Amino acid sequence: MKTFAEFGLEPKVLQAITELGFEESTPIQEQAIPIALTGADMIGQAQTGTGKTAAFGIPLISKISREDEKITALVMTPTRELAIQVAEEIGKLSRFKGLRSLAIYGGQDIGRQIRGLKKKPQIIIGTPGRLLDHINRKTIRLDDVQTIVLDEADEMLDMGFMEDIQSILKLVPEERQTMLFSATMPPNIQRLAQQFLKNPQHVSVIPKQISAPLIDQAYIEVPERQKFEALSRLIDMESPELAIVFGRTKRRVDELAEGLQKRGYSADGLHGDLSQNQRDAVMRKFRDGSIDVLVATDVAARGLDVSGVTHVINFDLPQDPESYVHRIGRTGRAGKEGTAWSFVTPREIDHLHLIERVTRHRITRKPLPTMAEAIEGKQRITAERLLAMVETGDQLNEYKGIAIQLLEQYDSVQLLSAAMKLLTGESKDAQVELTPEDPIRAKRRGGKYDIRSGRKPNGGYGGNRSGGSGGGYRGNREGGSYGGGYKGNRDNAGATTRGGYSSGYGGNSSSGGYKGNRDDAGRSSERKPYNRPSGTGTRPAKREDFDN
Ligand SMILES: Nc1ncnc2c1ncn2[C@@H]1O[C@H](COP(=O)(O)OP(=O)(O)OP(=O)(O)O)[C@@H](O)[C@H]1O
Ligand SMILES: [Mg+2]
């Protein structure tokens, strides 16, 4: 892998990259940065968690001068949380250059955004709806924009933002650089690419298996009415450092978050019916570790990068394979390992097989965790907490007198067992009733297309630079910076942290030994837009779940 210095970047940008702890470039960065620096249009595809943000962010800021007083770069994202996160990363990358960037998204006070715009930011990172709002109010002008990035481009189209995006792109000068990025590139991307990109370079570092390499994938077959019990046991057994649980609808997310809280878990919900203040508060709590379990709709499926997420649990299967890839990609990021579990009701097995075929990855069937495994998991955590305290020896002296006395009178095993029982807390088996959801049905994916390239046979754009390039990157940015107290130790219980990528990138298609039906993955689907009415009822929420 190349170091960032080899790209000929200016010292202030290099300094910012070093400050972020990036030592080497990731494969997508190595391929995309030199091309993006030439100003060419680009379609960039790489697995989740492999640094696409910096792959477009670094070239984007390299083109801008601190003296510019106009908006010269625009990044669009499908969700507010992602806009905030990308703005943060671009802010960090451009820190020493002294560039100004601003996130513009629905749900935030528009007056505050207008005040921010008066500071003449050069870079805007926003969601399409609110951007258009500002454009109509003439508080944002795009006449001087030279670079446009659509992060999660396919999702924005899928959510029905095509028209909004078209209106926005039409306002940007023709002489510009346009880049699309995502881990998945379904064929509808081509429509947008043909319309708005000029001779795009296709930069793809997707090996055969599209899902990120360091994610261990399993499923549990479980009837709808037993799912909640399965979730409790799974969390107890696995004791995640941080987990994201995906539910299908807003109602589901509310009920799950409430149910988990009732049972004593530190959980909260995220979906599009919450106020933006509530959404921000939940994300903040999750990022700083004051909640361990984030329950969310697909609003959290794309792009979110929270360090310390060891587990993703699909309480409900996602509607389509792309969504599966992105959801599980919230773990196993930046060279770390992660675990993804999916609950599948008996009627949804076909849908699971579709996901396996399209992602070309076998998902291992595992039994429902037993009560004994759940209890053992909890005891393990208690033991770890106890040992962490023994090792640090923190303020134990004042307990030692009584400890000696007790040990003289009682059996030591009996004593320690009682202490551990107290420490573990009574298991709360509060009754939790969820409103049942209909099973997800596998939809036929007619036509031919490959999830990894979005190209139909014979079709497609030129300049394919792909070929699952090998290698990996080092530079573990945030090793164990999470939380205090005993939580630091939990790493061992959940996924272990690795120094960096080394496996997976070579495009080893046979890992997991899945051979069946590979053809089907290639054969399926000109993907019709899924019929996903948004709404508050039992249907999965879509567009209004994300932005307004
Ligand atoms: N060269 C690098 N070295 C080490 N860490 C990196 C490097 N580049 C990016 N990262 C870190 O890797 C993590 C994932 O990056 P990012 O969010 O850009 O992934 P992504 O490819 O956009 O994933 P997704 O498809 O889920 O949006 C971030 O925490 C980022 O700071
Ligand atoms: Mg991303």
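## Shell around ligand 1

Helix α3 (residues 52-62) is the largest contributor to the shell around ligand 1, giving three residues; helices (H or I, at least four residues) and strands (E, at least two) are DSSP runs, numbered from the N terminus. This is a predicted model, in which local features need pLDDT of at least 70, side-chain atom pairs count only at pLDDT 80 or more, and totals for chains, interfaces and linings use all residues. Residues are numbered from 1 along each chain as its sequence is written, while chains are lettered from A and ligands numbered from 1 in the order in which they are written.

In total, 21 residues surround ligand 1 (C-beta atom, placed from the backbone, within 6 Å). The closest are Phe22, Gly51, Lys52, Thr53 and Ala334. The shell comprises six nonpolar, eleven polar and four charged residues (Ala, Val, Leu, Ile, Met, Phe, Trp, Tyr, Cys and Pro count as nonpolar, Asp, Glu, Lys and Arg as charged, and the others, Gly among them, as polar). Domain 1 (4-204) and domain 2 (215-369) each supply at least three residues to this shell, with domain bounds taken from an automatic or database domain assignment.

## Seven-stranded sheet

Seven strands form an open sheet with parallel pairing, in the order β10-β11-β9-β12-β13-β8-β14 (strands pair if DSSP finds at least two bridges between them). At the edges stand β10 (267-270) and β14 (364-365), each pairing on one side only.

Four bridges join β9 (residues 242-246) and β11 (residues 293-296) in the parallel sense. Phe246 has Ala296 of β11 as its bridge partner.
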